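Visitor: Please put up the chain and its ligands, and then take me through the model by question and answer.

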Amino acid sequence: MRQQARKPFDKSKIPQDLCPIATELSELKTGDWRAERPVVDRDKCVKCATCWLYCPTQCVEEKPTWFEAGLEICKGCGVCAQECPHQAIAMVEEVEE
Ligand code: SF4
Ligand code: SF4
């Protein structure tokens, strides 16, 4: 039998404090650092789903007669407001609650 060139990897020898940032899950959500939030004018929204299609975080949710951003994930990029063909979305400054 051919001898292995290297010994098998022994993960018990990895120091516990090695690179803790990369090994621990972060609770940070993209919605935590939003500077502006999209606000939908429900009277103007025709549920065309363009905002849903273009949102880079896929956070737009369907409601009974309109679409709106899921604010936990929405990062406030404004793409939805830019792309809405009915100008139904306004970006407004985020305020601390
Ligand atoms: S793109 Fe505008 S009109 Fe279309 S679903 Fe979104 S908010 Fe409504
Ligand atoms: S602001 Fe950006 S992340 Fe938020 S819903 Fe609109 S497109 Fe999506």
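This is a predicted model: local features need pLDDT of at least 70, side-chain atom pairs count only at pLDDT 80 or more; totals for chains, interfaces and linings use all residues.

Visitor: In what order do the elements of the chain run from the N terminus on?
Guide: Helices (H or I, at least four residues) and strands (E, at least two) are DSSP runs, numbered from the N terminus. The chain has 3 helices and 4 strands. Their order is α-β-α-β-β-α-β.

Visitor: What percentage of the residues in the chain is buried?
Guide: Buried means under 20% relative accessible area, exposed over 50%, and partly exposed in between, with a 1.4 Å probe and protein chains only. The chain has 97 residues, and the buried share of them is 24%.

Visitor: What share of the contacts with a separation of 6 or more joins residues 24 or more positions apart?
Guide: Contact means heavy atoms within 4.5 Å. Counting contacts in the chain with a separation of 6 or more, the share from residues 24 or more positions apart is 62%.

Visitor: Which residues surround ligand 1?
Guide: A residue counts as near a molecule or strand if one of its heavy atoms lies within 4 Å of it. Ala, Val, Leu, Ile, Met, Phe, Trp, Tyr, Cys and Pro count as nonpolar, Asp, Glu, Lys and Arg as charged, and the others, Gly among them, as polar. The shell of ligand 1 holds 9 nonpolar, 2 polar and 1 charged residues. Its members are Cys45, Val46, Lys47, Cys48, Ala49, Thr50, Cys51, Phe67, Cys84, Pro85, His86 and Ile89.

Visitor: Which residues does Thr50 contact beyond its neighbours within four places in sequence?
Guide: Thr50 belongs to helix 2, residues 50-54. Thr50 counts as buried because its relative accessibility is 18%. Beyond those neighbours, its contacts are Glu83 and Pro85.

Visitor: How far apart are the C-alpha atoms of Cys84 and Cys51?
Guide: Cys84 sits in the loop between helix 3 (79-83) and strand 4 (89-93). With 10% relative accessibility, Cys84 is therefore buried. Cys84 and Cys51 are 33 residues apart along the chain, and their C-alpha separation is 6.0 Å.

Visitor: Which residues are closest to ligand 2?
Guide: The shell around ligand 2 is made of 10 nonpolar, 3 polar and 1 charged residues. Of the 14 residues that surround ligand 2, the closest are Cys55, Cys74, Cys77, Gly78 and Cys80.

Visitor: Is Cys77 buried, partly exposed or exposed?
Guide: Cys77 is in the loop between strand 3 (67-69) and helix 3. Its C-alpha lies 8.0 Å from that of Arg34, 43 residues away along the chain. The relative accessibility of Cys77 is 43%, so Cys77 is partly exposed.

Visitor: How many disulfides does a search of the whole structure find?
Guide: A disulfide is a pair of cysteine sulfur atoms within 2.5 Å. The cysteine sulfur closest to that of Cys59 is in Cys55, and at 3.8 Å the two are too far apart for a bond. Cys59 is buried, because its relative accessibility is 7%. Over the whole structure, the disulfide count is 0.

Visitor: What is the phi of Lys47?
Guide: Most residues other than glycine have a negative phi. Lys47 lies in the loop between strand 1 (36-40) and helix 2, and it counts as partly exposed at 28% relative accessibility. Lys47 has a positive phi, near 60 degrees.

Visitor: Which residues does Lys75 contact, leaving aside its neighbours within four places in sequence?
Guide: Lys75 is placed in the loop between strand 3 and helix 3. Lys75 and Thr30 are 45 residues apart in sequence, with 5.3 Å between their C-alpha atoms. The contacts of Lys75 are Thr30, Trp33, Arg34, Pro56 and Thr57.

Methods. Residues are numbered from 1 along each chain as its sequence is written. Chains are lettered from A and ligands numbered from 1 in the order in which they are written. Side-chain values use heavy atoms; hydrogens and water are left out.
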